[in-house]
Amino acid sequence: MPSEPVRKPVPRVSEELAPFFAAAREAKLAVQRCQRCGTLRFPPREICSVVGCWSRDAEWVPVSGRGEVLSYYVMHQLYHPGFATEIPYPVVIVKLEEGPKLLSNLVDCPREKIQVGMPVEVTFEELSSEVSLPKFRPASA
Amino acid sequence: MSTLRARTAIAGLGITPQGKVYGPSAIGFAVDAVRLALEDAGLHPQDVDGMLVNPGLTWGQAGQMASFALQQAMGLSDLRLSAAMSAGGATAGAMVMHAAQAIDAGMAEVVVCVFSDAPLKPPRNAGDKDASSSAYAFAGDLNAAYGAFGVNGLYALVARRHMHLYGTTGDQLGAIAVSQRAWAVDNPQAQFHGKPLTLAEYRASRFVTEPFHLFDCCLVSNGGVAVIVTSAERARQLRQPPVYLWGMGQGHPGGDPIETLSSGAPIAARTAFRMAGIERAQIDFCQLYDCYTFTVLVTLEDYGFCKKGEGGPFVDGGRIGPGGELPVNTGGGQLSSFYMWGMTPISEAVIQIRGQGGKRQVKKNDLGLVSGNGGVLSTHSTLIVSKHPS
């Protein structure tokens, strides 16, 4: 018999992602906002990548958590034993209404129902006392 | 304005044994490739005065100053040009361009451009192959929590959106895999030499990152490839028919390929075709960077062989295979011959322009188009090569 299944990797709360996880613990999705030009971005960066802005000043702001599936693929390869029982599973890119894009997973949606362009909303999966992982589900009507 | 058109040529080609070849290190393969290229050209080691190296993933510390490491490994002295270059799969083409510029400027005369790698080894740790230049790679830890690993998925995201917007089908990607394999069947240096692939076998191959099957993805190869660039005049005095460099260009679009569904080819092509003074319709064959079948499809669109979104129907029906109207990746490409990053397409272009393709030799070989592509459609290089000096 196999021993206890290996858990999926729990992301490290790095200094750069600490505000993201702090928001997630309160069931809010947050992204970085350039304090000079106002552009929202994710993943976080040291410097705003808008041409000519290049500001180091940034803050974290909550966003709606609503968006659409820009694209997706179905992972059939096993890279980490934590995913052994889930293969094949979808990985999605969600484009938020506010613009930034997040790589994520879709929940409450059978694989064959996933569509590029489908509206989705954020939901949170509590992995530990520190880490709630934002995922997405089909948007409620 | 001066032009580089046909001022320089590729005069030597060295291809080591490719694939599951164990023993040599990455730098050892590089030495072998340079030696083979010198023999091919009829040049002596002391003729080399320039060395450009694209170190593969397994050069380790030597990769920090790869061209110096290779110079030392070969005992070469008094070089006038030396650099390691790194723009992913566009690097090979970029090295040839840099060599051509330096030669034309009188800064070097015989420049070797080398790629080598030896990634096939006893199993590695899972994370090792995750190096990627994607915008999403920053949050590596976070991606792992979602089970998003490797580069295959990043290209699959672009492909899936292309399928959604334009109706591109899995079988159309499969048509590319089948066509290229048909070319590889007649390439004795190909890892899939003599092993044809049917569309049914393609469909039955396992999914990797759906929509990609195993046969949508390039091979992994141990080996090395070197080319020698010199002036057109010097090339004419050497052993092999010169492969004249008529046009060259680069394109690095920025942005997110999932949204643009485009490579850097449109930018690179403008520069390269203007320099060559030819039209796309004059191209006899293409050697296109093929990390995935989908990359070939997008690249054909981006060079304008068909409209954006029409790459699927274009590759269907054998158009790019043996006997088709546009021969593409005539040695099998990286999907079916060997994966030496951008050196695979360059090496096959050299073979075809020289007329040394044996059973796979294309009938018309006056002008060939060669592309390199790095990251996730992030960097691009174009070479236009000809057997004619003008």
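Predicted model: local features only at pLDDT ≥ 70, side-chain atom pairs only at ≥ 80, totals over all residues.
1. If you want a pair to click on, Asn373(B) stands opposite His380(B) in β11(B).

2. On its other pairing, β11(B) meets strand β8 (residues 243-251) of chain B, again in the antiparallel sense, over 7 bridges. Here Tyr244(B) stands opposite Ser386(B) in β11(B).

3. How many of the residues of β11(B) are buried? The count is 8 of the 8 in residues 379-386, so the strand is largely enclosed by the rest of the structure. Thr379(B), Ser381(B), Leu383(B) and Val385(B) point one way, while His380(B), Thr382(B), Ile384(B) and Ser386(B) point the other way, and all are buried. As background, side chains in a regular strand alternate between the two faces of the sheet.

4. Zooming out, these strands belong to an open sheet of 9 strands in chain B, with mixed pairing and the order β3-β2-β4-β7-β1-β8-β11-β10-β9. At the edges stand β3 (81-84) and β9 (285-287) of chain B; each has a single partner strand, so one side of each is left without a neighbour in the sheet. From one strand to the next, the twist averages 25°. Helix α2 (residues 66-74) of chain B lies across β2 (50-55), β3 and β4 of chain B, and runs at about 120° to β2(B).

5. Elsewhere in the sheet, strand β4 (residues 110-117) of chain B and strand β7 (residues 223-231) of chain B run antiparallel, joined by 8 bridges. Val110(B) stands opposite Thr230(B) in β7(B).

6. Val229(B) deserves a look of its own, and its place is in strand β7 of chain B. Is this residue buried or exposed? Val229(B) has 29 other C-beta atoms within 10 Å, and a residue counts as buried at 20 or more, so Val229(B) is buried. Leaving aside neighbours within four places in sequence, its contacts include Thr8(B), Ile10(B), Val96(B), Val111(B) and Cys113(B). Cys113(B) is 116 residues away from Val229(B) in sequence, yet their C-alpha atoms are 7.6 Å apart.

7. The largest nonpolar core has 158 residues, and those with the most contacts inside it are Val96(B), Val111(B), Cys113(B) and Val227(B). Helix α1 (residues 26-41) of chain B supplies the largest share of this core, 10 residues. Not counting residues up to four places away in sequence, Val227(B) touches Ile10(B), Gly12(B), Leu13(B), Ala37(B), Val96(B), Cys113(B), Ile346(B) and Val350(B). In general terms, nonpolar side chains tend to be buried together in soluble globular proteins.

8. Finally, the contact between the chains takes 28 residues from chain A and 26 residues from chain B. On the side of chain A that touches chain B, the elements giving two or more residues are β4 (66-75), β5 (89-96) and β6 (101-104) of chain A. Of these, β4(A) gives the most, with 6 residues. By class, this side of chain A has 19 nonpolar, 7 polar and 2 charged residues.

9. One last item for your viewer is a strand pairing across the two chains: 2 bridges join β4(A) to strand β5 (residues 207-210) of chain B, and the two run antiparallel. The bridge partner of Met75(A) in β5(B) is Thr209(B).

Definitions and conventions: Residues numbered from 1 in each chain as written. Chains lettered and ligands numbered in written order. Pairing = 2+ DSSP bridges. Helix = DSSP H or I, 4+ residues; strand = E, 2+ residues; numbered from the N terminus. Axes fitted to C-alpha atoms, helices over the stretch in contact; angles between N-to-C directions. Contact = placed C-beta atoms within 7 Å. Buried ≥ 20, exposed ≤ 12 C-beta atoms within 10 Å, placed from the backbone. Core = buried A, V, L, I, M, F, W, Y, C linked by C-beta atoms within 7 Å. Nonpolar A, V, L, I, M, F, W, Y, C, P; charged D, E, K, R; others polar.
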